Every structure is written in C-alpha cells, then in structure tokens.
Amino acid sequence: MRSVVQRVSSSSVTVDGDVIGKIDKGLMVLLGVTHDDTSKDVDYMIDKILNLRIFEDEDDKMNLSLKDIDGELLVVSQFTLYGDCRKGRRPSFTSAAKPDLADKLYEEFIAKAKSQGLNVGTGQFGAHMMVDLTNDGPVTILLDSSKSF
C-alpha cells in the first residue's frame with residue numbers, strides 16, 4: 001500500500017460538479033493498493049499516517065501529529081501510485097490491485113480512520129475526481145507499507 005500524505009490547511013474532492021468530501025486543517029491522503037496488500041497494510045498505514053509528527057508545536061518544530069491537533073483527514077483512492085514508468089512513455093499499472101480488492105481495503109482504511117474519532121472526508125472509488133488542496137508548508141510525505149522507500 002502506498003500513500004502520498006500532504007499537510008493541508010484545506011482540501012476538497014469534487015465529482016460531477018458536486019463537492020463530496022471536504023476538510024479544513026489536516027491531511028489529504030492519496031491511497032494506492034497493490035495485489036498482495038491486506039488488513040495488515042491498512043493497519044500499518046493508519047498508524048503511520050495518524051501519528052506522523054508533521055505539524056508544528058509552540059516552538060515551530062514539526063512535533064505534533066494529526067491526532068494531537070484534532071485535525072481532519074481526506075482520503076482519495078489513487079491507483080496511479082502504482083504506475084511504473086521505467087519503460088517507454090506510458091505508465092504500466094499492472095502492480096495496482098484489481099478494483100474489488102482495492103475498494104475493499106480503501107473502505108477498510110476509511111472505517112479504521114473514522115473509528116479513531118477523526119472527521120474523515122473521502123473521494124469516490126473509481127470516479128473521475130477533481131481534488132483541490134492548499135498544501136501547508138508545503139509538506140508532502142511518501143509512504144509505502146512494504147517499506148520500499
């Protein structure tokens with residue numbers, strides 16, 4: 001499982017002209033799933049993302065997590081995180097999970113985030129989405145549950 005985590009002052013996702021997910025201060029997460037991901041990958045990502053200390057404390061040091069600041073979370077499915085561009089000019093997405101598995105783990109991620117008491121906005125799995133965000137910092141973190149980077 002891969003994610004791009006961005007610290008935001010606000011973020012929203014729109015489908016067919018309707019805003020379906022919106023947050024204020026918090027994290028906007030693009031989440032990608034690969035074939036062999038399981039609930040263990042979801043648990044790893046939830047723990048890592050919710051506890052990343054990337055918000056400033058009173059001394060302006062990145063020392064606080066999303067939980068510490070009572071921040072919000074916007075989660076958007078993103079199969080293109082598994083795009084392989086090493087050959088040719090068109091990405092290959094053969095490492096991305098099939099939609100049934102990807103949707104199941106995406107929904108599990110959302111449910112587990114909500115179970116932590118967070119305000120969680122979401123995209124719509126498989127839809128063409130327009131994502132708007134104001135990256136605060138900017139701060140952008142890449143995560144991979146297989147720890148390949």
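Student: At what angle do α1 and α2 pack?

Tutor: This is a predicted model, in which local features need pLDDT of at least 70 and side-chain atom pairs count only at pLDDT 80 or more, while totals for chains, interfaces and linings use all residues. Residues are numbered from 1 along each chain as its sequence is written, and side-chain values use heavy atoms, with hydrogens and water left out. Helices (H or I, at least four residues) and strands (E, at least two) are DSSP runs, numbered from the N terminus. Axes are lines fitted to C-alpha atoms, for helices over the stretch in contact, and angles run from 0 to 180 degrees between N-to-C directions. The axes of α1 and α2 are 10 Å apart, and the packing angle is about 40 degrees.

Student: Why are α1 and α2 oblique to each other?

Tutor: Angles under 35 degrees count as roughly parallel, over 145 as roughly antiparallel, 65 to 115 as roughly perpendicular and the rest as oblique. The angle between α1 and α2 is about 40 degrees. The two helices, α1 and α2, are therefore oblique.

Student: Which residues of α2 meet α1?

Tutor: Contact means heavy atoms within 4.5 Å. From α1, the residues that take part are Ser39, Val42, Asp43, Met45, Ile46 and Ile49. Their partners in α2 are Leu105, Glu108, Phe109, Lys112 and Ala113.

Student: Which residues does Phe109 touch, not counting residues up to four places away in sequence?

Tutor: Phe109 is among the core members that touch the most others. With residues up to four places away not counted, Phe109 touches Leu31, Val42, Met45, Ile46, Ile49, Leu73 and Val75.

Student: Why is the pair of Phe79 and Phe93 edge-to-face?

Tutor: Rings of Phe, Tyr and Trp (its six-membered ring) pair if their centres lie within 6.5 Å; planes under 30 degrees apart count as stacked, over 60 as edge-to-face and the rest as tilted. The ring centres of Phe79 and Phe93 are 5.1 Å apart. Their planes stand at 70 degrees, so the pair is edge-to-face.

Student: Are the planes of Tyr106 and Phe125 stacked, edge-to-face or tilted?

Tutor: The ring centres of Tyr106 and Phe125 lie 6.1 Å apart. Tyr106 is in helix α2 and Phe125 in the loop between β7 (120-122) and β8, 19 residues apart. The planes are at 40 degrees, so this pair is tilted.

Student: Is Ser77 buried or exposed?

Tutor: Ser77 belongs to strand β6. Beyond four places in sequence, Ser77 touches Leu31, Tyr106, Gln124, Phe125, Gly126 and Met129. With a relative accessible area of 13%, Ser77 is buried.

Methods
A nonpolar core is a set of buried Ala, Val, Leu, Ile, Met, Phe, Trp, Tyr and Cys residues joined through side-chain atoms within 4.5 Å. Buried means under 20% relative accessible area, exposed over 50%, partly exposed in between (1.4 Å probe, protein chains only).
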